[in-house]
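Me: I am new to this structure and would like to know what stands behind the terms used for it. Please go through them one by one.

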Amino acid sequence: MAIIVETQGRKADDIESHVANACHCVQGGNKELGKAKDYQWSSRRWFCIDTTILLNLICLVIMPIATSFRKS
């Protein structure tokens, strides 16, 4: 009986250590997800800024050319 109890105690200790390890990994994953969210937001923001600048440049270049063709 003592052998069975000792074996089950080891298994319970193994389970406990695996749960603690999993908890540590989940906390690290949550931090990484937070970083990924920040990177995604920053990337989307820069995409919008770049698109706005590009559209403004196109308007500044194409509009004068188009109006000069109309006058001709």
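**Terms and their cut-offs**

Reply: Glu32 forms a salt bridge with Lys35, with the closest N and O atoms 3.6 Å apart. This is a predicted model, in which local features need pLDDT of at least 70 and side-chain atom pairs count only at pLDDT 80 or more, while totals for chains, interfaces and linings use all residues. Residues are numbered from 1 along each chain as its sequence is written, and side-chain values use heavy atoms, with hydrogens and water left out.

Me: Why is the contact between Glu32 and Lys35 called a salt bridge?

Reply: The term requires a side-chain nitrogen of Lys or Arg within 4 Å of a carboxyl oxygen of Asp or Glu. For Glu32 and Lys35 the N and O atoms are 3.6 Å apart, so the pair meets the definition. Side chains of opposite charge can pair when their charged atoms come close.

Me: Where do Glu32 and Lys35 sit relative to each other in helix H1?

Reply: Glu32 and Lys35 are three residues apart in helix H1, so about one helical turn separates them. Helices here are DSSP runs of H or I with at least four residues, strands are runs of E with at least two, and both are numbered from the N terminus.

Me: What makes Glu32 partly exposed?

Reply: Its relative accessible area is 47%. Buried means under 20%, exposed means over 50%, and partly exposed lies in between (1.4 Å probe, protein chains only). Lys35, at 43% relative accessibility, also counts as partly exposed.

Me: How many salt bridges does the structure hold?

Reply: The structure holds two. Besides the pair of Glu32 and Lys35, Arg10 and Glu6 meet in a salt bridge at 2.4 Å, N to O. Arg10 and Glu6 both lie in helix H1 (residues 2-71), four residues apart, about one turn of the helix. Glu6 is partly exposed, at 44% relative accessibility.

Me: How do you know whether Cys23 is in a disulfide or in none?

Reply: A disulfide is a pair of cysteine sulfur atoms within 2.5 Å. A search of the whole structure finds zero disulfides. For Cys23 the nearest cysteine sulfur, that of Cys25, is 9.3 Å away, and Cys23 is in no disulfide. Cys23 is partly exposed at 42% relative accessibility, and Cys25 is partly exposed at 49%.

Me: What does the chain look like over residues 46-66?

Reply: The span is 100% helix and 0% strand, and its end C-alpha atoms lie 29 Å apart. The UniProt annotation "transmembrane region" (unreviewed entry) covers residues 46-66. UniProt positions are given in the numbering used here, feature names are shortened, and annotations may be inferred rather than shown by experiment.
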